[in-house]
Every structure is written in C-alpha cells, then in structure tokens.
Amino acid sequence: MADDIKTDLFDLFLGPKGENSRYFEELVSRVIRSHADLRANYSKDDLSLLEGTPGSQKLEEELNKFLELQKNNLPYFHPRYSAQMLKDPTIPSILGYLAFIMSNPNNHAWEGGPVTTEMELEVVDTLLKMCGFKSGWGHLASGGSLANMEAVWAARDYYGNGTVFFSEVSHYSWKRICKILNIDSYDEVAVDGDFRINLDALEDALKKSNKPLMVVANFGSTGAGSVDDIEGIIELKSRYNFHLHIDAAYGGFF
Ligand SMILES: Cc1ncc(COP(=O)(O)O)c(C=O)c1O
C-alpha cells in the first residue's frame with residue numbers, strides 16, 4: 001500500500017513519520033566521512049594532533065537538552081500543518097547545507113569561498129533562466145528582508161530619495177526598511193477584495209506624490225498569497241515614472 005503512493009518526491013523528505021530516516025542517516029554519515037577523508041589526505045605528512053576517542057559527558061548532556069528543546073518546535077513537517085508558511089526542509093537541502101558548513105566557507109568574495117562563489121553564479125543563472133531572462137545579474141541574500149532592503153538602497157542612491165509605495169498587506173519589513181534607509185516617505189496603499197493592490201488608489205497616491213521612487217508589487221503577499229496586477233502597475237509606471245520592485249520572497253517559491 002505504502003509503495004503505491006510512494007513517489008520520487010516522497011524520497012526527498014525525512015517523511016511525516018521519519019520513514020526515510022535510515023536512508024537519511026546513511027547520507028549524513030557519508031557527508032561526515034567525505035569531509036574527514038579530505039582532512040586526512042590534505043597534508044599527509046603532518047602529524048595528527050589528536051589521539052584516542054573523544055568523550056565529553058557535558059557535551060552529551062547539552063546535546064540531549066537541545067534535542068529535548070527542539071521537540072517543542074511547531075510541527076511544520078506534518079501534512080496537516082498549515083498555520084504558518086514554513087514547511088519541511090528537504091533531504092537534499094539539509095545535506096547540501098551540512099556538506100558545506102563542514103568547511104564554513106565565506107562567500108564575501110571568490111578568495112574566501114571559491115567553490116560557493118561559483119555555485120552562487122550557477123544558482124543566479126538558473127533563476128534567471130527560470131524567469132525567462134536572456135541575461136542579467138544577481139546575488140544571493142540571506143533572506144527576503146535583506147534582499148528588499150538592498151533593492152530600496154540601490155534605487156534610492158541611483159534615482160535619489162522619494163516615496164515608496166506598497167500595499168497595506170505587504171510584509172511588515174517594508175516599513176522598517178524605509179525607516180532604516182531614511183526614505184523620505186512611504187505610502188501604504190489599499191487593496192481590493194482579493195488582497196491585490198488597488199490600482200485606482202495607487203494612481204491617486206502617485207498623482208499626489210512629489211517624487212515617487214518605487215512601487216512594490218507583491219508576487220505572493222505574506223498573509224494572503226495574493227499577486228498584484230503587475231501589468232497594471234507597469235502601465236502606471238509608463239505615466240508616473242517610478243522604479244518597479246517585485247517582492248517574490250514568498251510567491252517566488254511557487
Ligand atoms: C512577501 C514577503 N516579503 C518579505 C519577506 C521577508 O523575508 P525574510 O523573513 O526572509 O526576511 C517575507 C517573509 O515571509 C514575505 O513573505
């Protein structure tokens with residue numbers, strides 16, 4: 001029965017009942033072994049600094065406490081859990097993270113993380129292709145708030161300060177971003193019955209503005225998942241001259 005419903009997708013997760021834990025354990029061990037072998041072979045003539053098997057009762061006690069604590073997390077892994085947007089991480093994403101955190105590369109520049117810098121370029125290239133861009137440039141940020149902040153920072157310094165417009169159902173970080181970056185003003189625009197930015201209200205606000213800097217279109221708003229009418233906003237852009245920023249921090253996943 002279980003085999004009937006088992007798909008490749010199912011294999012990518014630990015499983016709601018930890019069904020794939022043995023397979024996962026095997027892969028995690030492989031990650032640790034591979035990294036240990038790398039160290040062992042790195043500079044073969046060096047003497048080993050460590051002898052014997054480590055054993056720290058304190059470490060084990062602390063780990064046990066930690067493992068107890070993590071049981072109080074919300075059950076994002078459960079198929080019936082939908083209170084928050086957070087979902088189960090996949091086995092490949094955890095393995096990828098573990099494999100690279102073992103060497104703790106720094107991605108500030110190629111010199112500090114040559115392999116991960118190449119991978120970043122590859123990820124950006126893949127994303128550009130997925131979105132239909134023929135050429136482009138980008139980089140990875142640690143999350144949506146930081147990526148959005150960087151976009152406002154760049155627009156402010158390129159076009160000069162002004163007003164940032166976003167719908168009233170936009171992510172709470174938008175107001176903070178404007179405050180942190182000393183943006184002249186921001187305007188929270190009303191939404192329609194489908195939680196999409198109301199284009200008439202946006203146009204009224206643009207008319208009243210001395211210097212529109214940026215309009216933020218939600219491509220999946222945080223609470224409602226609504227997608228703003230981007231073509232309608234592009235039409236307004238041709239008449240009111242602002243920078244269009246699309247916030248796909250949530251909807252971009254889908
Ligand atoms: C639409 C939208 N923008 C921005 C953010 C902020 O992203 P982060 O929590 O990664 O900083 C979120 C987070 O849920 C979001 O849904």
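Student: What makes the crossing of helix 7 and helix 8 right-handed?
Tutor: A crossing is right-handed if the near helix is turned clockwise from the far one by less than a right angle, and left-handed if anticlockwise. Helix 7 (residues 144–159) and helix 8 (residues 173–180) cross in the right-handed sense. Before we go on, this is a predicted model, in which local features need pLDDT of at least 70 and side-chain atom pairs count only at pLDDT 80 or more, while totals for chains, interfaces and linings use all residues. Residue numbers start from 1 along each chain as its sequence is written.

Student: Why is helix 7 called oblique to helix 8?
Tutor: The two pack at an angle of about 45 degrees, with their axes 10 Å apart. Axes are lines fitted to C-alpha atoms, for helices over the stretch in contact, and angles run from 0 to 180 degrees between N-to-C directions. Under 35 degrees counts as roughly parallel, over 145 as roughly antiparallel, 65 to 115 as roughly perpendicular and the rest as oblique. That is why helix 7 is oblique to helix 8.

Student: Which residues make that contact?
Tutor: Ser145, Asn148, Met149 and Val152 of helix 7 make it with Ser173, Ile177 and Ile180 of helix 8; contact here means C-beta atoms, placed from the backbone, within 7 Å. By class there are 4 nonpolar, 3 polar and no charged residues. Ala, Val, Leu, Ile, Met, Phe, Trp, Tyr, Cys and Pro count as nonpolar, Asp, Glu, Lys and Arg as charged, and the others, Gly among them, as polar.

Student: How do you know whether helix 3 is roughly parallel or oblique to helix 5?
Tutor: The axes of helix 3 (residues 21–42) and helix 5 (residues 91–101) come within 10 Å and cross at roughly 20 degrees. Helix 3 is therefore roughly parallel to helix 5. Phe24, Leu27, Val28 and Val31 in helix 3 meet Ile91, Leu95, Leu98 and Ala99 in helix 5. This contact has 8 nonpolar, no polar and no charged residues.

Student: And what are helix 9 and helix 10 to each other?
Tutor: Helix 9 (residues 199–208) and helix 10 (residues 230–240) have axes that come within 11 Å and cross at roughly 20 degrees. They are therefore roughly parallel to each other, and their crossing is right-handed. Leu199, Leu202, Glu203 and Leu206 in helix 9 meet Gly232, Leu236 and Tyr240 in helix 10, a contact of 5 nonpolar, 1 polar and 1 charged residues.

Student: What makes strand 2 and strand 4 edge strands?
Tutor: The 4 strands form an open sheet in the order 2-1-3-4, with parallel pairing. Strand 2 (185–189) and strand 4 (243–247) each pair on one side only, as edge strands. From one strand to the next, the twist averages 20 degrees. Two strands pair if DSSP finds at least two bridges between them; strand 3 (residues 212–218) and strand 4 have 5 bridges. Ala217 stands opposite Ile246 in strand 4.

Student: How many helices and strands does the protein chain have?
Tutor: It has 10 helices and 4 strands. Helices (H or I, at least four residues) and strands (E, at least two) are DSSP runs, numbered from the N terminus.

Definitions and conventions:
Two residues are in contact if their C-beta atoms, placed from the backbone, lie within 7 Å.
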